[in-house]
Amino acid sequence: MEQDLLLPESLGPLVRNTIFAGHIHHSLQVESTNLLASRAAAAGRNSDKLSEGEVFLAEEQTAGRGRGNHSWYSERGAGIYCSLILRPQIKATDVLWLSLIAAVASQDAVKEVTGGIADIRWPNDLLLNDKKFCGILTEVHTESNHVHHAIIGIGMNVNHHQFPDELRGTATSLRLETGMEWSRLELTAALLKSLDREYRALLRAVHSPGPSSAHRYEPILRRVEARSSYAHGKHVHVDEHGGYSGITDGLDARGFLRVRTEHGLRMAISGSVRPLPRRPDAAGD
């Protein structure tokens, strides 16, 4: 698929009637699409002309970033390296929902195009056969406890043939898992349409009547839980506050992951979650 470039003129007609239509930018090589989006958002903020739905795509990243200052391997022309700017009217305490809806949208796009069912590893990874092929990095700028703008970066390994030695045990691609190459253009279009749908649902939830966010976000919460094997009954280690392990027990009303340990219930706020072999009698460590 040598001509499978993510060009605005090719992608634009496929995402009509979404908030991303007419706002697609393409580069052959960048340091990081999130960095590119951050600079654009800062320039827009200074000039008060920040558009919502700006999408930045690159064929290659030389310094792609993941959560926790991890790098993202970005082979040229093999993956989807995408960042977009949103301006949701939500509180800073609710930004986790942006990562969660991006995970659901990515999962939907993969299913639509490939038929494959990816697993969501809370809060921002997608897995195939327990290996990571998609990661999400959400960065926000807040003012007075409200989100001024958010940047959602999505890296998806599509047609990678191999990975560096240090990643081979944990990373994979759609091609490696299915034995087939896939159209990055078709996948990107499906991703943006899914993101548009999930984002609109989030905004409806924000503005729906109800006394608390627990009521408003309930449909999204249940959808995330249903799509993730990590939401309930998974023996995990959480790399947070010195590290701890236990059994997952669903999401709370804010989208945080509950983990039952031998010392009681804890909430995973932002730490990495990794699976552990579950003992038959495990109720928490």
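In strand β7, M156 is the bridge partner of C134. This pairing belongs to a predicted model, in which local features need pLDDT of at least 70 and side-chain atom pairs count only at pLDDT 80 or more, while totals for chains, interfaces and linings use all residues. Residues are numbered from 1 along each chain as its sequence is written, and side-chain values use heavy atoms, with hydrogens and water left out. The chain holds seven helices and 12 strands; helices (H or I, at least four residues) and strands (E, at least two) are DSSP runs numbered from the N terminus.

**The chain as a whole**

- Of the 285 residues in the chain, 51% are buried, where buried means under 20% relative accessible area, exposed means over 50%, and partly exposed lies in between (1.4 Å probe, protein chains only).
- The accessible surface of the chain is about 13000 Å², and carbon and sulfur atoms account for 49% of this surface; the areas come from the Shrake-Rupley method with a 1.4 Å probe, and for residues only the protein chains shown count as cover.
- Among contacts between residues at least 6 apart in sequence, 65% join residues at least 24 apart, a contact being heavy atoms within 4.5 Å.

**The sheet of seven strands**

- Seven strands form an open sheet in the order β1-β2-β3-β7-β6-β5-β4, and the pairing is mixed; two strands pair if DSSP finds at least two bridges between them.
- The edges of this sheet are β1 and β4 (119–121), each of which pairs on one side only.
- On average, neighbouring strands of this sheet are turned by 20° against each other, direction ignored; axes are lines fitted to C-alpha atoms, for helices over the stretch in contact, and angles run from 0 to 180 degrees between N-to-C directions.
- Helix α3 (residues 96–114) packs on the sheet and touches β4, β5, β6 and β7, with its direction at about 145° to that of β6.
- Helix α5 (residues 184–206) also packs on the sheet, where it touches β2, β3 and β7, and its direction makes about 30° with that of β3.

**Strand β2 and its neighbours**

- Strand β2 (residues 55–58) is covered on both faces, with V55 and L57 buried on one side and F56 and A58 buried on the other.
- Strand β1 (residues 24–27) runs parallel to β2 and is joined to it by four bridges; within this pair, I24 stands opposite V55.
- Strand β3 (residues 79–86) pairs with β2 in the antiparallel sense, again over four bridges, and C82 of β3 is the bridge partner of L57.

- Strand β5 (residues 125–128) and strand β6 (residues 131–143) run antiparallel and are joined by four bridges; D125 stands opposite G135 in β6.
- Two residues lie between β5 and β6 in their hairpin, and N129 in the turn has a positive phi of about 50°.
- Strand β7 (residues 146–157) pairs with β6 in the antiparallel sense over 10 bridges.
- The hairpin of β6 and β7 likewise has two residues between its strands, and S144 in the turn has a positive phi of about 55°.

**The sheet of five strands**

- Five strands form an open sheet in the order β11-β10-β9-β8-β12, with antiparallel pairing.
- The edge strands are β11 (264–268) and β12 (272–275), and each pairs on one side only.
- Neighbouring strands of this sheet are turned by 45° against each other on average, direction ignored.
- Within the sheet, strand β9 (residues 244–251) and strand β10 (residues 257–261) pair in the antiparallel sense over three bridges, and T248 stands opposite V259 in β10.
- Residue S272 lies in strand β12 and is partly exposed, with a relative accessible area of 23%.
- Although S272 and W122 are 150 residues apart in sequence, they are 8.3 Å apart in space, C-alpha to C-alpha.

**Aromatic rings and charges**

- The count of aromatic pairs comes to two; rings of Phe, Tyr and Trp (its six-membered ring) pair if their centres lie within 6.5 Å, and planes under 30 degrees apart count as stacked, over 60 as edge-to-face and the rest as tilted.
- The charged end of K234 sits over the ring of Y230, 4.7 Å from the ring centre; a charge sits over a ring if NZ of Lys or CZ of Arg is within 6 Å of the ring centre and within 35 degrees of the ring normal.
- The charged end of R266 sits over the ring of Y244, 3.9 Å from the ring centre.
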